[in-house]
Amino acid sequence: MRIDIITLFPEMFESPLNHSILKRAQDEGIVSIALANIRDFTTDKYHKVDDRPYGGGAGMVLMPVPLFDCFEHVEKLAPTRGRVIMLTPQGEPFRQAKAQELAREERLILIAGRYEGFDERIRIGLNAEQISIGDYVLNGGELAAMVVIDAVVRLLPGALGHEESAQDESFAEGLLEYPHYTRPEVFRGMRVPEILLSGDHAKIAAWRRRQSLERTKAWRPDLLPKDPPTDTRS
Ligand code: 9D3
């Protein structure tokens, strides 16, 4: 997979992209990630990328011209356009199903904004999809783009070590994970559940399944299949 990131702050991506799984996936040629700085495509003396909103109001708006010039440069760096995705608070909430869908693409072009927002003609003109990572306010789209990249790249074949598999994980199954334990057997008076020391793999699997269900019911009931309607007659 090839991922292009269009941003005003390419430096923000350097550390997350150069550690652990994302670093290894790039080193092994599983993914190639390239950064493009919108400001490099300005032609005025002040390298201006934002301007005041028509109609008035607070804040500044990302201008369409440098963004389009940057996009058209980036687009030509590979043969396929892939999916063009703007990170915006108005976007579709990002979930594991979307990560799995994106992991099947040959190329992604992610556009991270700043300021109050993008000039609307950017979204229309690029026919871009929009993704939000949740209902809270960030200072820009960069961290959201990194979240999407992190979630997608770990799903690419070979990105995780051999023993690890992205498939048997909790969100892929729609449940929270069971509790994990490692040494020591007793830590500050808290014992490892006896069953995990029993060596009975069928019993352990059943226990873990039940733990997953109980935790999901307690902490994330919204993940479970919908409750049947309550009968309120007499
Ligand atoms: C006052 C209106 N604000 C909209 C909620 C303006 C605004 C705030 C923050 C506009 C852009 C931003 C920057 N956020 C993102 O670019 C962003 C984001 C987010 O804030 N939350 C969740 N997902 C995302 S993806 C991009």
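**View A. Arg-2 and Asp-4, side chain to side chain.** In this predicted model, the side chains of Arg-2 and Asp-4 make a polar contact at 2.8 Å. A polar contact here is a pair of N or O atoms within 3.5 Å; within protein, one has to be able to donate a hydrogen and the other to accept it, and residues adjacent in sequence count only if both atoms are side-chain atoms. Arg-2 sits in strand β1, residues 2-7. Setting aside neighbours within four places in sequence, Arg-2 also touches residues including Ser-32, Leu-77, Glu-106 and Leu-108 (contact: heavy atoms within 4.5 Å).

**View B. Strand β5 and its partners β6 and β8.** Helices (H or I, at least four residues) and strands (E, at least two) are DSSP runs, numbered from the N terminus, and two strands pair if DSSP finds at least two bridges between them. β5 (residues 83-93) runs parallel to β6 (residues 107-112), with 5 bridges. Look for Val-84 opposite Ile-109 of β6. β5 is also parallel to β8 (residues 129-132), again over 5 bridges, and there Met-86 has Gln-130 as its bridge partner.

Residues are numbered from 1 along each chain as its sequence is written. Local features need pLDDT of at least 70, side-chain atom pairs count only at pLDDT 80 or more, totals for chains, interfaces and linings use all residues, and side-chain values use heavy atoms, leaving out hydrogens and water.
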